[in-house]
Amino acid sequence: MELAKAYATYATPSNIRLAVAALLCSAGLIHALPGPSLKLQEDVMKVPGRFLQCAGVLMMASGALYYSNPSTGIFAVSLCMGGAFATASNMPRQGGGTLFSSLIFTVVLWSSSETPELALSIVDAILCGVAFAVGIAGGVLVPHHKLMKSSTPAAKKDESVNTSEKDKETKTAEPPSTSTKEPEKADASLRGREAAAKSSSRSRVASPGPVAKK
């Protein structure tokens with residue numbers, strides 16, 4: 001009974017909206033900040049750091065919009081939760097992240113349905129689902145765009161290392177091609193010497209010998 005009373009007292013739609021907005025803003029701030037934490041997130045989530053920073057800014061804006069105007073911000077929250085769902089699916093332990101993002105999306109819809117002035121129509125519910133699906137598509141496609149290449153120093157160092165390794169592989173692959181040309185040059189020079197020897201022998205046969213004295 002005490003748990004039910006506490007739930008009825010604190011788990012109100014207004015408190016849930018406040019908690020979701022605070023969660024989005026805090027998580028977005030963590031994603032947007034550059035530094036070692038961003039590199040760690042890149043390694044864990046398997047997405048570029050620039051994408052994480054853009055997603056962090058979007059999450060902070062969505063949290064602020066949802067807190068100030070829930071009827072409009074719910075679509076932005078649905079978009080963010082779809083992106084979080086797609087990003088979590090790339091992680092090694094994807095179950096927790098996908099479940100958490102789906103839970104937040106469900107809680108947001110529930111809080112709106114429990115508030116008469118924020119009750120969603122069928123069209124609004126469908127638009128929330130569409131925004132969630134668009135967020136999933138963005139989380140899958142946008143990280144692979146060329147503009148989303150990571151801008152962290154560690155990532156740039158990794159790119160330079162990969163480039164140098166590719167250059168070394170190219171240089172090591174070049175000698176076999178030159179070595180194949182050397183036998184061709186040797187064969188050509190040998191044929192040239194043979195032709196010169198044949199021409200000199202023909203000239204000796206064609207020239208008359210010395211006249212014998214009587």
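Helices (H or I, at least four residues) and strands (E, at least two) are DSSP runs, numbered from the N terminus. On that basis the protein comes to 8 helices and 0 strands, and its elements run α-α-α-α-α-α-α-α from the N terminus on. This is a predicted model, in which local features need pLDDT of at least 70 and side-chain atom pairs count only at pLDDT 80 or more, while totals for chains, interfaces and linings use all residues. Residues are numbered from 1 along each chain as its sequence is written, and side-chain values use heavy atoms, with hydrogens and water left out.

**Overall packing**

- Of the 214 residues in the protein, 26% are buried, where buried means under 20% relative accessible area, exposed means over 50%, and partly exposed lies in between (1.4 Å probe, protein chains only).
- Contact here means heavy atoms within 4.5 Å, and among contacts with a separation of 6 or more, 70% are accounted for by residues 24 or more positions apart.

**Nonpolar cores**

- A nonpolar core is a set of buried Ala, Val, Leu, Ile, Met, Phe, Trp, Tyr and Cys residues joined through side-chain atoms within 4.5 Å, and the largest one in this protein has 14 residues, with Val20, Leu24, Tyr66, Val77, Met81 and Val108 having the most contacts inside it.
- At least two residues of this core are supplied by each of helix H2 (13–32), helix H4 (49–68), helix H5 (70–89), helix H6 (94–113) and helix H7 (122–141), and the largest share, 4 residues, comes from H5.
- Apart from this core lies another, of 6 residues, among them Leu38, Val47, Leu52 and Met148.
- Tyr66, leaving aside its neighbours within four places in sequence, is in contact with Arg17, Val20, Ala21, Gly73, Ile74, Val77, Val108 and Ser111.

**Aromatic rings**

- Rings of Phe, Tyr and Trp (its six-membered ring) pair if their centres lie within 6.5 Å, with planes under 30 degrees apart counted as stacked, over 60 as edge-to-face and the rest as tilted; by this rule the count comes to 2 aromatic pairs.
- One aromatic cluster is formed by Phe85, Phe105 and Phe132.

**The largest pocket**

- On a 1 Å grid over the protein atoms alone, a pocket is an open set of points with protein on both sides within 12 Å along at least five of seven lines, whereas a cavity is a set of points where a 1.4 Å probe fits but cannot get out; lining residues have an atom within 4 Å of a point.
- The largest pocket has a volume of about 700 Å³, where grid points are joined across faces, edges and corners and a volume is the space filled by probe spheres set on the points.
- Its lining has 30 residues, of which His31, Met59, Cys80, Gly83 and Ala84 are the closest to the centre of the pocket.
- The elements that give two or more residues to this lining are H2, H4, H5, H6 and H7, and H5 provides the largest share, 7 residues.
- By class, the lining has 20 nonpolar, 9 polar and 1 charged residues, with Ala, Val, Leu, Ile, Met, Phe, Trp, Tyr, Cys and Pro counted as nonpolar, Asp, Glu, Lys and Arg as charged, and the others, Gly among them, as polar.

- Arg17 lies in helix H2 and counts as buried because its relative accessibility is 13%; not counting residues up to four places away in sequence, Arg17 touches Tyr66, Pro70, Ser111, Thr115 and Leu118.
- Leu118 is found in the loop between H6 and H7 and is buried, with a relative accessible area of 15%.
- Leu118 and Ser71 are 47 residues apart in sequence, yet 5.9 Å apart in space, C-alpha to C-alpha.
- Ser112 lies in helix H6 and, at 2% relative accessibility, counts as buried; not counting residues up to four places away in sequence, Ser112 touches Ile74, Leu118, Ala119 and Leu120.

**Two further loop residues**

- Pro143 has its place in the loop between H7 and helix H8 (153–206) and, at 10% relative accessibility, counts as buried.
- The C-alpha atoms of Pro143 and Arg50, which are 93 residues apart along the chain, are separated by 8.6 Å.
- Lys46, in the loop between helix H3 (36–45) and H4, is exposed, with a relative accessible area of 56%.
- Phi of Lys46 is near 60 degrees, a positive value in a residue other than glycine. Most residues other than glycine have a negative phi.
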